[in-house]
Amino acid sequence: MRILIAEDAPSDRMLLRFHLEKLGHQVIEVSDGEQLVSFFFSHAEEVDLLVVDLNMPHKSGVQAVNEIRAFQGSYDANWVPIIILSGSESDDDVLRCIEAGADDYLVKPIQHKVLAAKLMAMTRLDEMRQKLMAMNARLEALSTTDYLTNLPNRRAFEKNLQDEMAKAGRYGQSLCVAVFDIDHFKQVNDTYGHEGGDVVLKELSRRLVSEKRAGDQFGRIGGEEFGLCLPHTDLENALIACERYRQLLSKKPFLYDEYSIDLTVSVGLCRFTTETDQLELIKGADQALYQAKHAGRDCVVV
Ligand code: GH3
Ligand code: MG
Ligand code: MG
Ligand code: MG
Ligand code: MG
């Protein structure tokens, strides 16, 4: 572990360094509370654990711990365990240090075996926290990603759209939304089976994402329906973009086993105005899509 020691007494600091290095840890030293806070704020990623003396000039250990924990919020990426060292055996001191956010409290003189044991416990705590963070990230990805296509799912698409609508409203920027629906997709399933249909959905998503403009976001919002959010785009340019995406799908057949499947999509497009809420915006695109289907499919309608 990379351990940051904050201790004003040079002899205590030396002894501590000696014990920690003997245990195989890397040691960085500062000699007061002020230095501790400023070093930690600028080098948080380089530190795995803090060992902090309670009584130090400029800033006490409790004050420093308070500031560090306030800066970190809850167990985020830069969180580190903190052990307080003190000559005081007072229960009140123990209590206020733990309340400030320290994780353990050791009374000087330090017994090196006890210190080693506490470090082991802190390492376990940090491993647990890291596992939780990884699990959290995995859950977040699972809950926002469509399993089949890897596109943002409906929830993530709508969340992004909501954010883009708020930005467009605040800064007076234009924003459009489109709904893509595969034409006669039932026939694909009927002819090539559900598996063939799935292959087409995956390849179609891959094609759209690999050719998309920076800033545009696709999402799978239904079985064979895809949403497209076009920030900073007026209706005229959105129409051009959607036309391009439509042709990208129809100009090249989709391959499944030995089959070559021709596919078209119909697209409904709608422009955001400050009076439209998200439901109305998507409904507007849906209505345009309905018209595109009635106009013979394989086209974009505003
Ligand atoms: P239209 O041109 O009017 O849109 O005709 P369509 O056949 O595409 O329309 P419809 O909505 O009637 O059919 C959509 C089909 O998409 C039906 C459904 O079985 C299929 N589908 C939905 N989700 C999936 C999926 O995850 N995999 C596969 N293979 N098919 C799916
Ligand atoms: Mg760390
Ligand atoms: Mg001291
Ligand atoms: Mg449909
Ligand atoms: Mg369809």
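Helix H7 is the main contributor to the shell around ligand 1, giving seven residues, the most of any element. This is a predicted model. H7 spans 185-210 and, like strand E6 at 175-182, supplies at least two residues of that shell. There are 16 residues around the ligand, and those that come nearest are Asp 183, Phe 185, Lys 186, Gly 197 and Gly 223. What classes of residue make up the shell around ligand 1? Seven are charged, five are polar and four are nonpolar.

E6 and E8 run antiparallel and are joined by seven bridges.

Now take the largest nonpolar core. It has 40 residues. Cys 176, Val 177, Ala 178, Val 267, Leu 269 and Ala 285 have the most contacts inside it. The elements that give this core two or more residues include the helices H6 (154-171), H7, H8 (235-250) and H9 (278-294). The strands that do so are E6, E8 (225-231), E11 (265-271) and E12 (300-301). Which element gives the most to this core? E6 does, with seven residues.

Is Ala 178 buried or exposed? Ala 178 counts as buried because it has 27 C-beta neighbours inside 10 Å, and the cut-off for burial is 20 or more. Leaving aside residues up to four places away in sequence, Ala 178 touches Leu 228, Leu 230, Ala 238, Cys 242, Val 267, Gly 268, Leu 269 and Ala 285.

Lys 283 gives another view. This residue lies in helix H9. Lys 283 is partly exposed, because 15 other C-beta atoms lie within 10 Å, between the limits of 12 and 20.

Some distances set the scale. Ala 178 and Pro 109 are 69 residues apart in sequence, and their C-alpha atoms are 69 Å apart in space. Lys 283 and Met 1 are 282 residues apart along the chain, with 56 Å between their C-alpha atoms.

Turn next to the other sheet. Five strands form an open sheet in the order E2-E1-E3-E4-E5, and the pairing is parallel. Strands E2 (26-30) and E5 (104-107) are the edge strands, each pairing on one side only. Neighbouring strands are turned by 20° against each other on average, direction ignored. E1, residues 2-6, runs parallel to E2, and five bridges join them. Arg 2 has Gln 26 as its bridge partner in E2. Helix H3, residues 61-72, packs on the sheet and touches E1, E3 (49-53) and E4 (82-86). The direction of H3 makes about 150° with that of E3. Helix H5, residues 112-144, also packs on the sheet, touching E3, E4 and E5. The direction of H5 makes about 175° with that of E5.

Four bridges join E3 to E4, which run parallel. Val 51 is paired with Ile 83 of E4. E4 and E5 also pair in the parallel sense, over four bridges. There, Ile 84 has Tyr 105 as its bridge partner in E5. Why is E4 largely enclosed by the rest of the structure? Four of its five residues are buried, so the strand is largely enclosed.

Key. Residues numbered from 1 in each chain as written. Chains lettered and ligands numbered in written order. Predicted model: local features only at pLDDT ≥ 70, side-chain atom pairs only at ≥ 80, totals over all residues. Near = placed C-beta within 6 Å. Nonpolar A, V, L, I, M, F, W, Y, C, P; charged D, E, K, R; others polar. Pairing = 2+ DSSP bridges. Axes fitted to C-alpha atoms, helices over the stretch in contact; angles between N-to-C directions. Contact = placed C-beta atoms within 7 Å. Core = buried A, V, L, I, M, F, W, Y, C linked by C-beta atoms within 7 Å.
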